[in-house]
Amino acid sequence: MRLVGPNCLGVVNTAARLNASFLPHRPVQGRVALLSQSGAVGAALLERLDVSSFVSVGNKADVSGNDLLEYWEDDPATDVIALYLESFGNPRKFARIARRVGRSKPVLLVKSGRSGAGGRAVRSHTAAAATPDVAVDALTRAAGAIRLDSVNELIDTAKLLAGQPLPEGRRVAIVGNSGGPQAMAADACERSGLTVPELPPGLLDARAAAALGNPVDLTADATADELGAAVEALVACPEVDVILVVYTPPFGSGLDRTRQAIAEAAKTAGKTVLACVVGHDGMIDGRIPSYAFPEQAVAALARAVRYAEWRRGPAEPAGADVRVDGRAAREIVEAELAASPEGCWLSPAATARLLACYGVPLVESLEVDGPDSAAEAARRAGLPVVLKAVGPVHKSDVGGVRLDLRTEEQVRQAYGEMAARLGAEMTGAIVQPMLQGGVEVIVGGVSYPAFGPLVMVGMGGVLADLLADRAFRVPPVTDAAGMIEELRCAPLLHGYRGSPPVDAEALADRITRIGRLLDDLPHVAELDLNPVIVTADDAVTVDARIRVAPCEPPPSPLLRRLR
């Protein structure tokens with residue numbers, strides 16, 4: 001026997017006419033399966049969504065969201081799965097199941113509890129940026145689930161996906177009777193990455209005052225029949241993927257007659273049709289979602305377009321084939337944890353050895369312990385050089401970095417001043433040759449016990465936290481180039497305002513390798529490569545910090561399959 005709850009409203013199955021709940025009203029039969037961890041939120045959703053079934057899971061002592069995903073995957077009465085969750089029991093299992101289910105049925109998720117810094121102290125740039133909420137974002141993205149910020153967004157998106165076919169592309173035709181709301185819809189499309197293409201000449205036959213480009217403004221005098229004819233013509237147009245009807249009542253033939261005309265025109269449409277009836281939310285003929293505001297309609301459409309593109313993509317993207325020495329890497333981590341069972345930051349030498357196992361190059365670094373050894377190291381490395389303290393994580397904040405030291409005497413003096421300032425926190429230093437030019441990038445990783453590892457790339461150097469220009473993925477990373485292109489600073493890599501382009505492919509290779517490292521080594525809790533200097537022909541790590549910590553071993557491959 002399985003247990004739903006406790007502390008819940010019960011269950012509903014409209015197809016079986018089962019209402020084993022405390023709901024104050026009778027749910028209406030539809031194609032959306034709904035799970036809510038909050039009884040109040042579930043009751044509110046059921047007033048605005050027609051459902052195939054509803055489960056209020058409460059405290060989830062037994063039956064979980066993962067169980068219900070697998071049930072609804074095979075439920076012929078369900079086309080869309082909508083979840084309101086306050087917690088994940090097993091996030092990695094959720095991602096595996098949702099990725100599979102999402103190939104046939106969209107999974108919508110509202111996850112509350114976005115704020116909060118997590119349950120452990122972090123010190124690296126990456127760990128500070130990769131909050132648990134960022135982990136949820138990356139996890140749902142990898143699974144193809146549609147994460148939403150509010151219950152209203154969930155309702156808007158579920159109505160569209162349950163009533164209409166998936167969009168075949170991003171080309172949107174906007175047709176209606178009022179220029180202002182149509183212009184707002186076109187602006188929202190552009191902001192959301194959708195296109196509003198110019199329509200072929202002669203496609204539409206309308207009154208002389210109408211504007212027949214795109215948006216198509218049939219004027220306030222347009223009748224319901226004229227609007228319906230325009231929708232029919234746009235449905236048949238091969239240059240259009242989606243038709244968005246924008247109607248402002250009570251003009252033309254009035255609200256009821258216009259809704260009827262839209263429903264008739266879209267009755268046999270194989271394309272996505274949705275409407276904005278200004279000031280009115282609802283469904284037209286039970287099939288066509290209608291939204292009160294243009295931006296509301298476009299936001300739901302953009303989510304459906306992105307989901308459709310994910311679904312058309314490969315089920316399991318092929319990862320890059322990188323050569324690694326996994327056995328040597330595990331031996332390094334095990335030796336460090338044997339010496340420090342509670343976990344520790346690796347020494348510069350151990351960090352370099354571990355990165356070398358994954359083919360991630362570090363700039364030459366010479367460890368020193370005094371002014372004279374620093375000067376000797378500078379002579380060997382070749383002036384000018386950089387002097388860095390080993391102990392502090394954020395070296396620049398405490399004066400632990402001195403750049404462009406051009407003589408051995410300058411190196412001696414810099415070491416003495418640094419030691420006097422930092423005292424015991426300095427714990428020695430390293431000397432590196434001074435690299436000229438290039439773009440500074442940060443590549444990092446963090447591992448949460450529940451969510452597993454995340455990989456990050458972003459704007460590097462001392463501006464990493466200030467600009468917060470970052471992209472995250474769940475490893476293994478199969479689209480490192482896509483991560484890079486998400487960054488606002490990406491144009492710097494390709495040549496910006498006369499600056500020479502740098503080797504973005506080398507940076508993508510480093511991101512992929514760090515993803516492999518984090519996927520292979522669950523004991524790596526935090527990792528920062530900051531900065532990585534991306535030059536015309538390479539991407540070289542200048543400063544690296546890695547923290548290892550004890551953790552539960554990951555499930556075996558057999559157990560992963562069984563789960």
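Me: How should I read the packing of two helices, and at what angle do the axes of helix α6 and helix α10 cross?

Reply: Two packed helices are described by the angle between their axes together with the distance between those axes. In this predicted model, the axes of helix α6 (residues 151-163) and helix α10 (residues 294-312) come within 9 Å and cross at roughly 65°. The crossing in which α6 passes α10 is right-handed.

Me: Which residues of α6 and α10 make the contact?

Reply: On the α6 side the contact is made by E153, D156, T157, L160 and L161, and on the α10 side by Q296, A300, L301, R303 and A304. Sorted by class, the contact of α6 with α10 has 5 nonpolar, 2 polar and 3 charged residues.

Me: Which strands does α10 lie across?

Reply: Helix α10 lies across β8, β10, β11 and β13, and it runs at about 160° to β11. These strands belong to an open sheet of 6 strands with mixed pairing, whose order is β9-β8-β10-β11-β13-β12. At the edges of that sheet are β9 (216-217) and β12, each of which pairs on one side only. Strand β12 is joined to β13 by 3 bridges, and the two run antiparallel, with M283 standing opposite P289 in β13. Helix α7 (residues 179-191) also packs on this sheet, where it touches β8 (172-176), β9 and β10, and its direction makes about 165° with that of β8.

Me: Which residues touch the most other members of the largest nonpolar core?

Reply: The largest nonpolar core has 47 residues, and within it I174 and L244 touch the most other members. Helix α10 gives the most to this core, with 9 residues. Leaving aside residues up to four places away in sequence, I174 touches Q182, A185, A186, C189, V196, N214, P215, V216, L244 and V246. Another core, of 44 residues, lies apart from it and includes V443, A480, V502 and A544.

Me: Which residues of helix α9 are buried, and what do they pack against?

Reply: In helix α9 (residues 255-265), the buried residues are L255, T258, A261, I262, A263 and A265. They pack against α8 (224-235), β10 (242-247), β11 (272-277), β12 (282-284) and β13 (288-291).

Me: How many residues of strand β19 are buried, and which strands is β19 joined to?

Reply: In a regular strand the side chains alternate between the two faces of the sheet. In strand β19 (residues 439-448), 9 of the 10 residues are buried, so the strand is largely enclosed by the rest of the structure. It runs antiparallel to strand β22 (residues 524-534), to which 7 bridges join it, and E440 stands opposite I533 in β22. Strand β19 also runs antiparallel to strand β20 (residues 452-459), joined by 8 bridges, with S447 opposite P453. Together β19 and β20 form a hairpin with 3 residues between them.

Technical notes. Residues numbered from 1 in each chain as written. Predicted model: local features only at pLDDT ≥ 70, side-chain atom pairs only at ≥ 80, totals over all residues. Heavy atoms only, no water. Axes fitted to C-alpha atoms, helices over the stretch in contact; angles between N-to-C directions. Helix = DSSP H or I, 4+ residues; strand = E, 2+ residues; numbered from the N terminus. Left-handed = near helix turned anticlockwise from the far one by under 90°. Contact = heavy atoms within 4.5 Å. Nonpolar A, V, L, I, M, F, W, Y, C, P; charged D, E, K, R; others polar. Core = buried A, V, L, I, M, F, W, Y, C linked by side-chain atoms within 4.5 Å. Buried < 20%, exposed > 50% of the residue type's maximum accessible area, 1.4 Å probe, protein only. Pairing = 2+ DSSP bridges.
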